[in-house]
Amino acid sequence: MSAAGEVTTAAGGMRHRDAFDVETIRSDFPILGRAVRGGRHLIYLDSGATSHKPRQVLDAERDFYTTHNAAAHRGAHLLGEEATDAYEGARARVAAFLHAEPGEIVFTKSATEAVNLVAYAMSNAGTFGPQASRFSVGPGDEVLVTESEHHANLVPWQQLCERTGATLRWFGVTEDGRLDLANIDELINDRTKIVAVTHQSNVTGVVPPVAQIAAAAHARGALVLADGAQSVPHRPVDVTALGVDFLVFSGHKMLGPSGVGVLWGRRELLETMPPFIFGGSMIEVVRMEGSTFLPPPDRFEAGVPAAAQAVGLGAACDYLDALGMDNVAAHEEALTVHALEALAGIEGLRILGPLDTSERGGAVSFVLDGIHPHDVGQVLDELGIAVRTGHHCAWPLHRALHAQSSTRATFYVYNTHDEVDALADGIRQAQKFFGTV
Amino acid sequence: MYQEIILEHYRRPLHAGLREPFDAQVQHINPTCGDEVTLRVSLKDAGAEPVLADVSYEALGCSISQASASVMADMIIGKTVGEAMQISDEFLKLMQSRGEAEPDEDVLGDAVAFEGVSKYPARIKCALLGWMAWKDATAKALGERETGEQA
């Protein structure tokens, strides 16, 4: 690869220009320098599961522990103050990343917990008086999801319906994995309490028309939650323009540490939304007879917060903003175009999802005739190529796309066009090994 | 990991397909990948201990899980439940060995080929899927016999 980040692909001699110098970026990620099986270079194509961390993020986390560590929001001492400042600073940093207000950012342990927070807040609404009625769900009400959801944005809603007697409904998907909106007017109706939809599929990369769905939902008075686990790390997201009420995502998929996730919610909704997890830090007054609770975001953050992780996430936002999220998106789009081309040329390979990058992000899942994804993954692993195999926590979507499971490659800032070519070569080697071509 | 014996069983699985009669049927799923096996056990009385008259199965999964079910069925059909259980225990030990075991070929037969799988923690479940289903189905079949005897 040249210094300018321009490469010629083996496949068709096409030239791709990177949006930034990938080699410089790679040097920030210590793990990319390690050897894997048989001393091979690591080719990491599993950032959709979790991303690697640049040393700037690792340093920020370490610096918190080595110089400021204390329990945030407690303690009448200097370290306590510094830890609180660092934690609240991280909140402001994440808010700026999304064009949101700091008070609208709730730190959770994961995107999964953030979805559960809203789902449990809704089933707690019955005991939080008339001001929480906006969130109450019961028999006759409907909760609307989609067939393409990650289990994290599906199972909590199934369970909410089980607990409350509400009915779960869902958008189906078309053959190429896009949402089937043909019956949107019937699915979004006056009984709909909340619509939970992915902002980018972790299997097909499909980017659903979230703004259109949100407008239809709001017209019927329903709430809208978007799962941004696969979108926020990969392209610019402005919550003021997105049109939804809640957005969830996790830190570890966007160069940040594991153990920290985010729920963004509209301030006026967070004000009246009942809490989910109860305990210290979230109370106003506690008496033996009962307790009152703090305003948001503290109301939703019981227990000593994961301050170091939040600080690390703040550093990840710095890192991504320095690259420019438009550039990140452009880089991944180029890799995705390249991958779709390279894989389309492989006999017996079927890509799950759209074959072009229109309203589609950088997750490329595929099935191979006669070779199970586990076996594809195993052969690739021997070549140093890390991919995801299985149903990627989206079992219903796999069923809908007539796949028992699939192999998935996902891309991020540190991936190169050479790595995409290595993937295509590796798939061909697997076919040769299992004698399917 | 992909020993020729494994690939051979994968390409041409032995005793595959679901057959009648059977005393118990189970379905086991590997939740991380969605692989499935449906397995039937048919017992017959011969001497002091019930014998596995037939083990039939339908497996949807990777080469390791399919080959393992094939090797298993071929090894245990015709054995007493006790003998098969001993092989199963030995196989489980091999899978938990992280490549450090010295498998007993006299007990494990073709199943020693799976030794390499034990070095890949993510694949151990694949190799065990059929065995776990067989254990479950056999326990179920034996349980039903006991209930039947009591009634």
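**Entry 1: a pair of crossing helices**

I began with two helices of chain A and saw that α12(A) passes α14(A) in a right-handed crossing. The model I am reading is a predicted one, and I keep that in mind for every entry below. I then looked up how these helices sit against each other: the axes of α12(A) and α14(A) come within 9 Å, and they cross at roughly 115°. Those two values are what I wanted, because two packed helices are described by the angle between their axes and the distance between the axes.

Next I listed who does the touching. From α12(A) I noted Asp375(A), Val376(A), Val379(A) and Leu380(A). From α14(A) come Gly426(A), Ile427(A), Gln429(A), Ala430(A), Phe433(A) and Phe434(A). Sorted by class, the residues of this contact are seven nonpolar, two polar and one charged.

**Entry 2: another partner for α14(A)**

I stayed with α14(A), residues 417–434, and turned to helix α11(A), residues 325–344. At what angle do the axes of α11(A) and α14(A) cross? I found roughly 20°, with the axes coming within 10 Å. Angles under 35 degrees count as roughly parallel, so I wrote down that α11(A) and α14(A) are roughly parallel to each other. The crossing of α11(A) past α14(A) is right-handed.

For the contact, α11(A) brings Leu335(A), His338(A), Ala339(A), Ala342(A) and Leu343(A).

**Entry 3: stepping back to chain A**

Time for a wider view. I counted 14 helices and 19 strands in chain A. The C-alpha atoms fill a box of roughly 70 × 55 × 35 Å along the principal axes. I also checked the radius of gyration: a compact globule with 437 residues would have one near 22 Å, and chain A has 22 Å, which agrees.

**Entry 4: two domains**

Chain A is divided into two domains. Domain 1 covers 6–48 + 324–434, and domain 2 covers 58–321. How far apart do the C-alpha centres of domain 1 and domain 2 of chain A lie? My note says 29 Å.

The contact between these domains takes 24 residues from domain 1 of chain A and 25 residues from domain 2 of chain A. On the domain 1 side, α11, β16 (363–368) and α13 (395–400) of chain A each supply at least two residues. I was pleased to meet α11(A) again, as it gives the most to this side, with five residues. By class, the domain 1 side divides into 13 nonpolar, six polar and five charged residues.

**Entry 5: where chain A meets chain B**

I moved on to the contact of the chains, which takes ten residues from chain A and eleven residues from chain B. Which elements of chain A each supply at least two residues of the side that touches chain B? They are α12 (373–382) and β18 (388–390). Of the side of chain A that touches chain B, α12(A) gives the most, with three residues. The classes on this side of chain A are one nonpolar, eight polar and one charged.

**Entry 6: chain B**

Chain B has five helices and three strands. Reading from the N terminus on, I wrote its elements as α-β-β-β-α-α-α-α. The radius of gyration of chain B is 15 Å, close to the 15 Å that the globule rule gives for 151 residues, so chain B is as compact as a globular protein of that length. Its C-alpha atoms fill a box of roughly 50 × 30 × 25 Å along the principal axes.

- A cis peptide bond joins Pro296(A) and Pro297(A), with omega about 0°. I found Pro297(A) in the loop between β14 (290–293) and α10 (307–323) of chain A.
- In chain B, a cis peptide bond joins Glu20(B) and Pro21(B), with omega about -15°. Pro21(B) is in the loop between α1 (4–11) and β1 (24–30) of chain B.
- His392(A) has a positive phi, near 55°, although this residue is not a glycine. I located His392(A) in the loop between β18 and α13 of chain A.

Key: Residues numbered from 1 in each chain as written. Chains lettered and ligands numbered in written order. Predicted model: local features only at pLDDT ≥ 70, side-chain atom pairs only at ≥ 80, totals over all residues. Axes fitted to C-alpha atoms, helices over the stretch in contact; angles between N-to-C directions. Helix = DSSP H or I, 4+ residues; strand = E, 2+ residues; numbered from the N terminus. Parallel < 35°, antiparallel > 145°, perpendicular 65-115°, else oblique. Left-handed = near helix turned anticlockwise from the far one by under 90°. Contact = placed C-beta atoms within 7 Å. Nonpolar A, V, L, I, M, F, W, Y, C, P; charged D, E, K, R; others polar. Domains from an automatic or database assignment. Rg over C-alpha atoms; globule rule 2.2 N^0.38 Å.
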